[in-house]
Amino acid sequence: MKLFSLAVLLAVMAVVPGEGALKIDLVGDKNRPVTKVITLLKDMLKQLQKEQEDDEAVYDKMACWCQTNDKEKTKAISDAEARIEDLTTKVEEHTAASARLDTEIKNLEKEVAQNQDSLDK
């Protein structure tokens, strides 16, 4: 797009009156097709410059959003990973406690059964 803009600018400069450029009487030649093309090229150049500025503004906004979003998501991921590790540790602790309590229950049931047998005799 920049190369096209440069080509248009060079083409306009070559035809527009000025030092070192081809001199054309634009006042007397307003209805000539070349004059219409030059005017069209100038308008296109203005439009391209405006679109370039708009594109740069949109790009800047998108780049800012991406950087901000990347920081937030990276922090959220690290927080979630830390929480997963914490929960995994808690699950392991509770599993061990459950196994220990199951063993205690079985032992106590045996002890109650033995005590009941002693009382029955």
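Analyst: Glu104 and Arg100 both lie in helix H2, where they are four residues apart, or about one turn of the helix. This is a predicted model, in which local features need pLDDT of at least 70 and side-chain atom pairs count only at pLDDT 80 or more, while totals for chains, interfaces and linings use all residues. Residues are numbered from 1 along each chain as its sequence is written, and side-chain values use heavy atoms, with hydrogens and water left out.

User: What is meant by a helix here, and which residues does helix H2 span?

Analyst: Helices (H or I, at least four residues) and strands (E, at least two) are DSSP runs numbered from the N terminus. Helix H2 covers residues 33-120.

User: How many salt bridges does the structure hold?

Analyst: A salt bridge is a side-chain nitrogen of Lys or Arg within 4 Å of a carboxyl oxygen of Asp or Glu, and the structure holds four of them. One of these joins the side chains of Glu104 and Arg100, with 2.9 Å from N to O.

User: Where do Lys50 and Asp54 stand relative to each other in helix H2?

Analyst: Lys50 and Asp54 are separated by about one helical turn, because they are four residues apart in helix H2. They form a salt bridge whose closest N and O atoms are 3.3 Å apart. Lys75 also forms a salt bridge, with Asp79, and here the closest N and O atoms are 2.9 Å apart; these two residues lie in helix H2 as well, four residues apart, about one turn of the helix.

User: Which residues form the negative surface patch?

Analyst: Patches are made of residues with over 30% relative accessible area and no salt bridge, with like charges joined within 9 Å and nonpolar side chains (Val, Leu, Ile, Met, Phe, Trp, Tyr) within 5 Å. The negative patch is formed by Glu51, Glu53, Asp55, Glu56 and Asp60. Among them, Glu56 has its place in helix H2 and is partly exposed, with a relative accessible area of 42%.

Notes:
Areas by Shrake-Rupley, 256 points an atom, 1.4 Å probe, with all protein chains shown as cover. Lys, Arg positive; Asp, Glu negative; His and termini not counted. Charge placed at Lys NZ, Arg CZ, Asp CG, Glu CD. Buried < 20%, exposed > 50% of the residue type's maximum accessible area, 1.4 Å probe, protein only.
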